[in-house]
Amino acid sequence: MMEPQENTNDDTAPSPAPPPLPRERIPVQKGSVCSRSYFMVVMVFFHVYVLNVIALLLYVHYNSGSEEGRSSRDFSSRSSGHKVAEPLDTQPPDPGFTRKMHLPRLEGIRVGHVQKVSLVPGKVHEMKTLSLKPLLFEIPHFLSDEECAVVMRLAQLKGLMESQVMVPEGQEELNQQLNLSPEEIFHLLDLNQDGQLQQHEILTHSRVRDGIWLTPENLREIYAGLNADQDGNGLLSLEEFGQLSSDAFQRFLFQRGVKRSQLVRNSRHTWLYQGQGAHQVLRELRNRVMRLTRLPPSLVELSEPLQVVRYEQGGHYHAHHDSGPVYPETTCTHTLLAANTTSPFQTSCRYITVLFYLNNVEEGGETTFPVADNRTYEEVSLIQNDVDLLDTRRHCDKGNLRVKPTRGTAVFWYNYLSDGRGWVGEQDEYSLHGGCVVTRGIKWVANNWINVDPDYHRQARYQQLVSQPEETQDPQTDTNPEQYTDTHQDL
Ligand code: OGA
Ligand code: CA
Ligand code: FE2
């Protein structure tokens with residue numbers, strides 16, 4: 001990496017004043033005066049050319065650089081004066097760009113960097129960068145003890161429901177309806193198409209399909225109980241797989257009974273409305289989140305309600321992404337109303353997660369970011385042999401970063417990267433996180449998700465629709481607003 005750069009520097013660095021040596025040589029080489037001056041002319045042109053190219057590159061870099069780069073410079077000049085950080089420049093990066101809304105992104109600077117933020121009149125909060133991948137911050141004392149108490153009481157008053165219901169009944173019928181042969185199922189599960197079913201291929205499927213979190217140990221027990229892995233190599237061949245009935249795994253699990261601790265998520269939660277007319281503490285929290293994220297207020301106002309979560313002792317939430325990946329066909333649940341078609345892929349599009357800790361947990365219950373600031377992200381290497389980095393009951397200690405729950409502290413992170421033009425880009429896979437098992441006590445948290453559709457025009461259309469529902473809503477539209485309200489709650 002360094003070598004070509006050094007060479008380039010050598011080529012382009014202004015030459016020092018010609019040393020006496022070449023001059024002395026000129027009379028000696030009288031016969032080659034002509035070719036020598038030709039050489040000098042060529043060299044001068046070459047230097048001018050290289051310098052021009054560099055100047056052009058620098059010009060392009062500084063004039064049409066990404067908004068992030070621009071913000072970074074703005075920010076560092078402000079923060080160097082130890083002033084309270086102000087909203088960053090949110091101007092569009094080029095004048096021909098017609099989008100009205102822009103999403104400022106805070107600067108992390110470096111891990112451990114602390115910046116002061118103004119969120120409450122007469123008070124200054126400190127915001128610390130915990131990681132850059134994902135861009136993750138921690139703000140102690142974001143909520144007062146009294147505010148935490150109010151949020152927990154309001155949630156109790158409303159009533160909490162199980163975050164994940166036990167595995168749905170009727171798996172057998174579902175399997176029959178599927179109408180797929182064992183070979184077909186085998187090839188679908190065999191993600192890397194190597195003709196064998198590896199542990200992680202089975203585990204991933206079970207988590208997505210049944211919401212049951214199998215450990216490699218569970219899998220070995222199942223294989224042993226069903227005599228599935230006959231050659232004992234830890235893999236299932238098509239032949240071995242074909243000898244199992246299609247619901248053999250589920251049947252085995254249910255006979256032994258599935259415990260709540262074996263689910264992807266073991267907690268209870270409720271949703272609290274934060275719009276007009278809501279409790280003052282909830283309104284104020286939303287306003288504080290607006291000031292913190294510096295996002296357009298309309299966007300924050302139209303986001304999901306506050307989700308309040310309670311984990312009992314033994315509760316957990318295995319590692320996950322709060323948002324789905326961005327495919328061209330994907331529609332966001334929150335903008336369904338503005339989608340022209342009913343898409344087969346629906347996902348929650350949560351640009352930012354703001355997570356509040358509402359109490360101190362006696363032991364455990366940290367929020368883990370297993371791959372934060374990792375050099376690479378490889379899905380298959382998350383589950384290796386007996387270490388499953390996604391498992392927050394057993395392997396929280398092996399992840400890269402853990403945040404201890406402290407009453408009143410907020411952490412927040414970006415689930416998407418920037419598209420470089422002030423809008424949402426790709427999903428940030430490094431935002432993978434989970435709630436470690438609560439080993440002693442109870443844990444209360446609340447999530448404020450800020451929904452943004454990566455499709456700018458769909459987000460804009462949606463905002464227009466909900467701001468003037470009577471005039472602009474097309475009566476022919478096949479999206480039912482009531483259905484939308486329901487899905488909003490179900491997120
Ligand atoms: C969530 C979540 C983490 C935690 O609720 O989506 O990731 O620490 N919670 O409870
Ligand atoms: Ca395989
Ligand atoms: Fe989460």
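Modeller: What follows starts at the pocket, goes on to a sheet and ends with some loops.

This is a predicted model, in which local features need pLDDT of at least 70 and side-chain atom pairs count only at pLDDT 80 or more, while totals for chains, interfaces and linings use all residues. Residues are numbered from 1 along each chain as its sequence is written, chains are lettered from A and ligands numbered from 1 in the order in which they are written, and side-chain values use heavy atoms, without hydrogens or water.

At least two lining residues each come from the helix α8 (199-210) and from the strands β9 (306-311), β10 (316-320), β13 (350-357), β22 (433-435) and β24 (443-451); helices (H or I, at least four residues) and strands (E, at least two) are DSSP runs, numbered from the N terminus.

Two of these lining strands, β10 and β22, also belong to an open sheet of five strands, ordered β7-β10-β22-β15-β18, whose pairing is antiparallel (two strands pair if DSSP finds at least two bridges between them). The edges of this sheet are formed by β7 (265-266) and β18 (401-403); each has a single partner strand, so one side of each is left without a neighbour in the sheet. The partner of β18 is β15 (residues 367-369), to which three bridges join it in antiparallel fashion, and within this pair F369 faces L401 of β18.

In the loop between β2 (123-131) and β3 (136-139) lies P134, joined to K133 by a cis peptide bond with omega of about 5°. I109, in the loop between α4 (67-79) and β1 (114-120), has a positive phi near 60° although the residue is not glycine. Q193, found in the loop between α7 (182-189) and β5 (196-197), likewise has a positive phi, near 55°, in a residue other than glycine. I109 has 35% relative accessibility and therefore counts as partly exposed, whereas Q193, at 52%, counts as exposed (buried means under 20% relative accessible area, exposed over 50%, partly exposed in between, with a 1.4 Å probe and protein chains only).
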